[in-house]
Amino acid sequence: MEEHSMTLAELNTLVRRGIRACLPDAYWIQAELSDVRANYSGHCYLEFIQKDPKGNSLVAKARGIIWSQVFVQLKAYFERETGQPFASGIKVLVKVTVDFHELYGYSLTVIDIDPTYTLGDMARRRKDILDRLEKEGVLSLNKELQLPELVQRIAVISSATAAGYGDFCNQLMNNPFGFVFYPKLFPAVMQGDRVEESVIQALERIYQEADCWDAVVIIRGGGATSDLSGFDTYELAAHCAQFPLPLITGIGHERDDTVIDLVAHTRVKTPTAAAEFLISHMRETAERLDDCIRFFYQQLPLVLERQKKMLDTWVTRIPARVQMRLQQEHFRQEKLAGRMASAWENRRIREEFRLQVEPRMATVLQNRLLRESHRLALLEERVKASSPDVLLAKGYSITLKNGKAVTDPQELVPGDELVTKVYKGEFKSKVL
């Protein structure tokens with residue numbers, strides 16, 4: 001058995017030769033970066049992973065390396081094109097060669113990268129965030145807020161040492177119109193992994209004293225565009241979209257909008273542009289106030305003069321109008337007096353008629369009632385005299401067949417049953 005055995009190094013050498021023979025070319029692969037780190041020599045060591053889209057569990061993993069001379073150029077190119085740091089958690093399309101080392105095992109050596117793939121993934125991620133905010137009904141809430149006429153009390157979220165913050169304050173405080181602003185810094189980390197957490201904390205501090213501020217400005221200047229990924233998160237976007245004060249963003253990235261740019265009330269390119277926006281807004285308000293002042297000093301006297309002339313015209317018309325109205329009222333009162341006199345006369349006539357006619361009418365009605373009562377008594381006597389009971393009492397009888405009176409004996413036939421009623425009863429008989 002020993003003559004057929006080999007050492008581990010020999011086996012690994014066979015594996016290396018086999019892999020190089022089977023996979024001699026370079027290949028483009030899609031993967032997610034993990035555990036990205038650069039050492040003192042400039043080489044970048046990382047892991048490529050692939051997750052199950054349903055369960056998020058790992059389905060594949062491979063060790064990777066980017067040699068220093070390639071990594072310097074590749075990293076700068078990638079971050080310049082995407083505005084995204086070359087760091088763990090992003091999806092990439094890289095060109096690799098497959099290698100196997102007897103000591104270090106299987107690895108992928110990166111020789112090129114396609115930033116457009118990552119841009120597409122970033123765009124999809126931003127779209128997913130915006131779609132989720134829209135589905136929740138909060139996407140445009142901050143945009144719908146009314147910017148106050150006077151925006152002077154400004155809560156600023158920025159890094160205290162950022163050059164952009166200094167430029168913003170200088171531009172604001174030294175404006176050529178002499179407008180007064182009251183900015184206050186709420187420090188936050190504006191690059192790196194803590195951007196989301198830090199900016200949300202600053203927003204929460206501002207919210208606790210929201211009545212003290214007219215608007216919130218989020219600015220960032222002087223940093224690398226690769227640090228913008230912290231502004232493309234759902235949690236930060238949701239806080240900004242639902243914030244009760246108008247948000248103005250100027251985070252110094254001219255090419256693409258971040259998610260918080262898309263949900264903020266107003267988006268400008270730079271911190272200086274944010275200051276110019278506020279100054280311009282104040283200038284528009286000042287111009288409207290100037291228009292009002294000019295109206296008060298120039299137009300209002302003319303309006304008052306026209307109204308005074310109109311008033312004078314009406315004053316001169318008052319005596320004639322009053323006289324005309326008095327005549328109309330006098331005529332109306334005369335008509336009313338005539339109608340009242342006529343009504344009074346008619347009432348008097350009716351009263352006299354009642355006093356003269358009513359006694360005679362009462363006598364007539366009484367005589368009529370007596371005559372009708374006598375006539376009714378006579379009719380009652382006639383009805384009583386015609387009653388069958390009266391006739392029966394006199395000795396008459398009534399013969400009935402099937403409940404009907406028999407008036408013709410020719411209608412009877414042998415066998416008919418008859419009922420004969422007399423004054424004190426009845427008896428039955430049968431026709432023979």
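Visitor: Why does Lys 184 count as partly exposed?

Guide: The relative accessibility of Lys 184 is 38%. Buried means under 20% relative accessible area, exposed over 50%, and partly exposed in between (1.4 Å probe, protein chains only); therefore Lys 184 counts as partly exposed. This is a predicted model, in which local features need pLDDT of at least 70 and side-chain atom pairs count only at pLDDT 80 or more, whereas totals for chains, interfaces and linings use all residues. Residues are numbered from 1 along each chain as its sequence is written, and side-chain values use heavy atoms, with hydrogens and water left out.

Visitor: What makes the contact of Lys 184 and Glu 209 a salt bridge?

Guide: The N to O distance is 3.8 Å. A salt bridge is a side-chain nitrogen of Lys or Arg within 4 Å of a carboxyl oxygen of Asp or Glu, so the pair of Lys 184 and Glu 209 qualifies. The structure holds 21 salt bridges.

Visitor: Which salt bridge does Asp 232 form, and what does the pair tie together?

Guide: Asp 232 meets Arg 126 at 3.0 Å, N to O. Asp 232 lies in the loop between strand E8 (215-219) and helix H6 (234-241), and Arg 126 in helix H3 (residues 115-135), so the pair ties together parts that are 106 residues apart in sequence. Helices (H or I, at least four residues) and strands (E, at least two) are DSSP runs, numbered from the N terminus.
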